[in-house]
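This report concerns the arrangement of strands and helices in the structure shown below.

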Amino acid sequence: MVPMIVELIAVGDVKREILDKLRQKIEWTFVPLIDGGAVGQPMEMPAGALNQDRKQYNADIILAKVLERTTGDNKVLTVLDVDLYTPVQNLNFIFGQAQLRGRVAMVSMRRLDPRFYNKGGDGELLFNRLVKEAIHELGHTFGLIHCPNAGCVMSFSNSVSDVDEKTATLCKLCRTKIQTTATIRIVR
Ligand SMILES: [Zn+2]
Ligand SMILES: [Zn+2]
C-alpha cells in the first residue's frame, strides 16, 4: 500500500512553527490510520478569493485551488489566518471546511484567535483551538459527520466557546467509525 500522509500547507501568513506543532498533534490522532504528517510548500492566496464587500475570503475558491494541486492518496490540510466564509451556506463565517471522505480540509486561525474578540493574545489558547478544528475538519475527510457528543472533537462548533467546551479527541464511537473507513481503504 502506498503510504498515506497528511500534508499541511500554509496559505498566506502562517508561521512554520505552528505547522510543525500541529503536524505532531495530527499524527498523535490519526496514526496508524495515516503513515504520518508533513509540512508542504506554502501556496499563495488564490486571486479572487477576497470578497471586498464582506471583507472575507471565499473558502470554496481556496479549497478548489488546493484540490487542483493535490495528487495521489495524500490528504492536505490548509492552514490560514484570514476570515473565511462560504457562499453555499447562510453563515456569517466558518472556522474551516473539508470534503467529506475527500482529500482536502482547511482551517483558519483568524476567528480562533482571542485577539479577534478584542481579548488579550494567548498563543496557547489559540493553538489548542486550532488543533481541535484541524482534527475536526480532517475527521470529515475520513468520513466522519458531526457527533452529538458535546465533548467529541467532531461536535459542531458555532463559536469559540463551543470550541473551548469540546476536547481535541475523537469519542469512542467516532473512532470506531473512522477505523471502519480506513479498513475499507485497505481492502481496496
Ligand atoms: Zn464539521
Ligand atoms: Zn464523536
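## Strand pairing and the sheet

In this predicted model, strand S1 (residues 5–11) pairs with strand S5 (residues 75–80) in the parallel sense, over 6 bridges. Within this pairing, Ala10 has Val79 of S5 as its bridge partner.

S1 and S5 belong to an open sheet of 5 strands, ordered S2-S1-S5-S8-S7, in which the pairing is mixed. Strand S2 (36–39) and strand S7 (96–98) form the edges, each pairing on one side only. On average, neighbouring strands of the sheet are turned by 20 degrees against each other, direction ignored.

## Helices across the sheet

Helix H1 (residues 16–30) lies across S1, S2 and S5, and runs at about 170 degrees to S2. Helix H3 (residues 123–141) lies across S1, S5, S7 and strand S8 (104–108), with an angle of about 160 degrees to S8.

## Packing of H1 against H3

The axes of H1 and H3 are 10 Å apart, and the two helices pack at an angle of about 50 degrees. H1 is therefore oblique to H3. The crossing of H1 past H3 is right-handed.

On the H1 side, the contact involves Lys21, Leu22, Lys25, Ile26, Thr29 and Phe30; on the H3 side, Phe127, Leu130, Val131, Ala134, Ile135 and Leu138 take part. Classified by residue type, this contact of H1 with H3 comprises 9 nonpolar, 1 polar and 2 charged residues.

Methods:
Residues are numbered from 1 along each chain as its sequence is written. Chains are lettered from A and ligands numbered from 1 in the order in which they are written. This is a predicted model: local features need pLDDT of at least 70, side-chain atom pairs count only at pLDDT 80 or more; totals for chains, interfaces and linings use all residues. Axes are lines fitted to C-alpha atoms, for helices over the stretch in contact, and angles run from 0 to 180 degrees between N-to-C directions. Helices (H or I, at least four residues) and strands (E, at least two) are DSSP runs, numbered from the N terminus. Angles under 35 degrees count as roughly parallel, over 145 as roughly antiparallel, 65 to 115 as roughly perpendicular and the rest as oblique. A crossing is left-handed if the near helix is turned anticlockwise from the far one by less than a right angle, and right-handed if clockwise. Two residues are in contact if their C-beta atoms, placed from the backbone, lie within 7 Å. Ala, Val, Leu, Ile, Met, Phe, Trp, Tyr, Cys and Pro count as nonpolar, Asp, Glu, Lys and Arg as charged, and the others, Gly among them, as polar. Two strands pair if DSSP finds at least two bridges between them.
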